[in-house]
Amino acid sequence: MSKRVAVIDIGSNSVRMVVYEKSSRFAFHILHEAKSRVRLSEHAYQNNGILQEIPMQRAFDALENFSSIISSLKARKTLCVATSALRDAPNKKDFINRVKNSLGIQIKVIDGEREAYLGAIACANLLPEQKNALSIDIGGGSTEFSLINNKEISLNISLNLGTVRLKELFFDKNDIDGAKKYIDSQLAQLENINPQTIIGIGGSFRAISNAILNNSDYPIQKLHAFEPNYDEFIQLLKKILVSDEDDLQKLGIKNSRFDIIKPGALILLRVFKKFKVKNLITSGVGVREGVFLADLLRTSKDRFPPNYNTSMRYILDSHVDNLAYANQLCKATKELFDLTHETLNIDRKYRYELAIAAKLYISGSSIHYYSHNRHSYYLIEDALEFGFTHKQIILIATLARYAKRKLPSSAHVERFRELLPDTNQLNSLSYLLSLAVALLSHQPRNIDFTLSFENGELKIESKNSLYLAKESIEKLELIKNGSITISFYN
């Protein structure tokens, strides 16, 4: 597979392009992203689905610019898919041939089931693992649903529900009751489904989640994997339906969505009424990521290998030069945890986050050695994007920030209180990582000590002096919630 791959998603409302760059076999990051609100399906639903000349020209112009960006970035492969607007259009071949002949871009029109599946594989691979979750991707012309249970995907259905479609058929005529009946008639195709969680993929869901995020004191600005409060979400949907443009702006809705946010809100309200699910999670990924992953993972059944995380691998590939040391630090940290977590009253579930923090601890050194803790923290908070909850991301970043130095500050703990473990457990986790860093101060080729723990005493045995380790351990802050003594034996 090419190192740089461009993915174009032609939807009813917008065309989007992402250029991905691989750092190793399954690890990648976004090199560039572009989006244009071309409204390809504008006035189409009033004209038997026929694409109109002006919207087609807007879409062509956007694709022409996308082609220029792809050439500039030297992407060697371009994957271009089109969904509802072209799928429904009797004159789609005219547009497809013009783009192919003029720009050299081959558009693949995918059916609704494939569109649903692509959004689902993005969620299954790039969100924290979900159990019995229903993904919903509200587009301009259609809405796709899939069931996701762990990494398994089923259902994959597309309904003729979309924000632009509803706007032109019902909202422009002020026929809200008609819109409700139409939505409910479409949703009747989803029977015998009892999901535990709703995953929101489409722009409407993201816009509403983003409004909630921006109008709250939530400690991080990260939309992907954000779990909005159900009651707040419902109340905002209801407010949107009765708001004018000034009120929508006050609610935090962008003006580019003013004319289609109400149809999207109504679809979501009818979905929530049907399924009565109160666990919500926002996906920052969708069809375009699914197109990329279907190509990337085509030899592994559209899923990453077990226990593999693409975001962590990307950080290791791009920012950790001394991988042997990172692995040693991870191993030593896990061993310290296994020996002491019961004495320190640390929940065993935090072993995973502690191990990742150890592995990524030195990542910030690639930016500036003397402030590497701070840079590791920001790298992890921003780039550890996929496959983790917000609680996991902040805990991992916090542990990396304070390792070797001191326990997490009270100001930091207070800022992220709703996302972090209780203070005693956090301090204990922080201390264990700092202790592992201290023990490996001399960076041996192979770990040259053994650890044992009994009656509150951590015994460190080595044939070597471990002089730097001893000196570093003396500088560590005393642990707050447990009694551990450290003894060295030769």
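Is Phe 28 buried or exposed in this model? At 6% relative accessibility, Phe 28 counts as buried, where buried means under 20% relative accessible area, exposed over 50% and partly exposed in between, with a 1.4 Å probe and protein chains only.

Before I go on, a word on the ground rules. This is a predicted model, so local features need pLDDT of at least 70 and side-chain atom pairs count only at pLDDT 80 or more, while totals for chains, interfaces and linings use all residues. Residues are numbered from 1 along each chain as its sequence is written, and side-chain values use heavy atoms, with hydrogens and water left out.

Let's stay with Phe 28 and look at its ring. Rings of Phe, Tyr and Trp (its six-membered ring) pair if their centres lie within 6.5 Å; planes under 30 degrees apart are stacked, over 60 edge-to-face, and the rest tilted. That rule gives 15 aromatic pairs. One of them joins Phe 28 to Phe 292, edge-to-face, with 4.9 Å centre to centre and 70° between the planes. The partners come from distant parts of the chain, 264 residues apart: Phe 28 is in strand 3 and Phe 292 in helix 11 (residues 287–296). Helices here are DSSP runs of H or I with at least four residues, strands are runs of E with at least two, and both are numbered from the N terminus. Phe 292 is buried too, at 1% relative accessibility. Ring pairs also bring in Tyr 20 and Phe 386, making a cluster with Phe 28 and Phe 292.

Now to the sheet around strand 3. Five strands make an open, mixed sheet in the order 3-2-1-4-5, with pairing called when DSSP finds at least two bridges between two strands. Strand 3 (28–36) and strand 5 (107–109) are the edges, each with a single partner strand, so one side of each has no neighbour in the sheet. From one strand to the next the twist averages 20°, taken from axes fitted as lines to C-alpha atoms, with angles from 0 to 180 degrees between N-to-C directions. Strand 1 (residues 4–10) and strand 2 (residues 15–22) run antiparallel and share seven bridges; Ile 10 stands opposite Val 15 there.

Next, charges over rings (NZ of Lys or CZ of Arg within 6 Å of the ring centre and within 35 degrees of the ring normal). Arg 98 lies over the face of Phe 60, 4.0 Å from the ring centre. Lys 274 has its charged end over the ring of Phe 275, at 6.0 Å from the centre.

Last stop, an arginine in a loop. Arg 298 is found between helix 11 and helix 12 (310–319) and counts as partly exposed, at 48% relative accessibility. Arg 298 and Gln 392 are 94 residues apart in sequence and 29 Å apart in space, C-alpha to C-alpha.
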